[in-house]
Amino acid sequence: MPRSHGSRPQDRPAAGKHRGRPGPRPSPGAPSPSARPEKVERPLPPQEPDYGVQSWAQVDGDAQALAQVPGYRCGVVTLVGQPNAGKSTLLNRLLGEKVAIVSQRPQTTRDTLRGILTTPTAQVALLDTPGIHKARSPLNRAMIGQAVEALEAADVVVLIVDAQKAVRWQQQHAGEARQAAEVDDDEAPAAEGPAAKLVFDPHIHPGDRAVMRQILHSNQKWLIALNKVDLVRPRHLLPVMAALATAPHVGAIVPVSAWTADGLRNLLAAMVPYLGEGPPQFPVDDLTDRSLRWLCAEMVREQVFQQIRDEVPYGVACETEVYEELPDLAHVQVLVHVEKPAQRAILIGRDGVRMKALASAARARMEALIGRKVFLEVHVRVEANWSARTDKLKEFGYLQ
Ligand SMILES: Nc1nc2c(ncn2[C@@H]2O[C@H](COP(=O)(O)OP(=O)(O)OP(=O)(O)O)[C@@H](O)[C@H]2O)c(=O)[nH]1
Ligand SMILES: [Mg+2]
């Protein structure tokens with residue numbers, strides 16, 4: 001019997017409706033037009049990832065059955081890349097279910113999320129991380145710290161490169177000599193050790209070079225997933241792949257589209273040989289080790305990123321204060337922290353219209369994930385300057 005979502009305690013990890021098996025994505029609630037969303041994220045088209053698996057029945061069995069499979073592999077794959085490269089979208093697509101929040105704005109992901117993909121031949125713990133960029137604020141530095149820590153935990157690292165951005169950069173710098181690529185520019189986070197002195201092909205985007213330095217500094221094995229290939233012409237991809245292939249020690253470069261699900265089978269096939277042989281380490285029907293409480297707070301933050309303009313989303317942190325499973329619904333109360341009273345006013349909107357739109361879209365997401373009706377309450381509190389305060393960053397889980 002599949003485990004019902006309704007009976008899962010609030011602090012247990014979220015499990016898939018399909019017991020860890022990729023399945024069709026829930027359709028998210030459309031934001032109300034009255035919220036005048038600036039950058040609405042289109043829902044992903046509902047393709048199922050094709051892993052070439054004949055039958056998922058074995059995965060639906062217990063972990064012991066998988067442990068008996070000869071050559072079964074299990075390990076950690078860390079997804080890193082520039083902000084907005086599509087790491088979270090790729091994680092969701094690989095899992096076949098939406099667990100990570102996504103938006104068109106950079107720096108959406110703030111802390112590491114582990115997604116668990118269990119197939120008949122391997123269990124992959126996929127770490128989605130904050131985008132690596134030149135961090136100035138304490139919050140951004142904490143985010144980069146999380147990404148760097150996740151690098152250390154990996155059996156193999158996958159650098160997600162935005163193909164569209166890479167093609168544009170290459171076209172703008174066509175014909176430049178290779179020796180022009182000295183130490184990187186403003187986009188690079190401070191690199192250390194021998195990796196800081198590495199010289200890369202100048203046709204590689206400086207933001208990607210900066211992430212490569214971090215990976216090489218960690219001494220991990222690594223691959224590249226060239227994402228968003230649906231947005232570029234195939235003939236423009238080859239020169240980008242040729243430039244990326246000059247990076248030191250890169251294991252493979254796999255073109256993928258998290259949007260269309262193209263290339264995921266190849267990406268999985270490239271990752272799995274780096275994992276150690278052994279039985280599954282996580283329950284086979286879990287999708288993530290994050291709790292429903294955490295996921296609910298993230299879903300509210302996602303709507304803030306998708307529906308509220310300008311800098312406001314960067315001053316917002318969300319916490320689930322109440323998560324109760326009642327007989328016929330789940331009662332969820334989320335507290336939204338903002339830095340200034342003006343941000344509070346923007347979030348609430350005239351007559352509370354904007355908050356209503358935010359909450360109703362977040363509730364629809366929660367209902368799709370939890371699989372039951374949700375009664376959602378959202379409150380907004382001003383917590384002056386929280387993003388620069390170590391105590392608050394710790395309290396909100398952004399800093400260890
Ligand atoms: N067309 C297209 N869009 C994509 C693809 N992958 C991601 N996107 C879009 O790119 C934007 C950023 O995606 P995210 O998954 O939030 O990117 P991220 O790397 O997790 O970003 P941060 O969390 O900010 O570091 C969203 O609007 C996605 O819909 C893709 O393969 N094709
Ligand atoms: Mg993300």
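Predicted model: local features only at pLDDT ≥ 70, side-chain atom pairs only at ≥ 80, totals over all residues.
Which residues point one way from strand 5, and which the other way? Residues are numbered from 1 along each chain as its sequence is written, while chains are lettered from A and ligands numbered from 1 in the order in which they are written.

Val156, Val158, Ile160 and Asp162 point one way from strand 5, whereas Val157, Leu159 and Val161 point the other way, and all are buried, a residue being buried if 20 or more other C-beta atoms, placed from the backbone, lie within 10 Å of its own, exposed if 12 or fewer do, and partly exposed in between. Strand 5 is thus mostly covered, with 7 of its 7 residues buried. Helices (H or I, at least four residues) and strands (E, at least two) are DSSP runs, numbered from the N terminus, and two strands are taken to pair if DSSP finds at least two bridges between them. On this basis strand 2 and strand 5 run parallel and are joined by 5 bridges, with Val156 of strand 5 as the bridge partner of Val77. Strand 6 also pairs with strand 5 in the parallel sense, over 6 bridges, and Asn227 in strand 6 is the bridge partner of Asp162.

Strand 3 (residues 113–118) is likewise mostly covered, 6 of its 6 residues being buried; Leu113, Gly115 and Leu117 lie on one side, and Arg114, Ile116 and Thr118 on the other. Strand 3 pairs with strand 4 in the antiparallel sense over 6 bridges, and the two form a hairpin with 3 residues between them. Within this pairing, Gly115 stands opposite Leu126 in strand 4. Gly115 is also 7.6 Å from Val99, C-alpha to C-alpha, although the two are 16 residues apart in sequence. Val99 is placed in the loop between helix 3 and strand 3 and is buried, because 23 other C-beta atoms lie within 10 Å.

In helix 8 (residues 264–271), the residues Leu264, Leu267, Leu268 and Met271 are buried. Viewed down the axis of helix 8, its buried residues fall within an arc of 95°, so they line one face of the helix, the arc being that of the directions from the helix axis to the C-beta atoms. These buried residues pack against elements including strand 2 (73–81), strand 5 (156–162) and strand 6 (222–227), contact being defined by C-beta atoms, placed from the backbone, within 7 Å.

Helix 6 (residues 206–218) has 13 residues and reaches 19 Å from its first C-alpha to its last, close to the 18 Å expected at 1.5 Å a residue, where the expected span is 1.5 Å times one less than the number of residues. Helix 6 is followed by Asn219, whose phi is positive, near 65°.

In the protein chain as a whole there are 12 helices and 12 strands, and buried residues make up 48% of the 400 residues.

Terms used: Contact = placed C-beta atoms within 7 Å.
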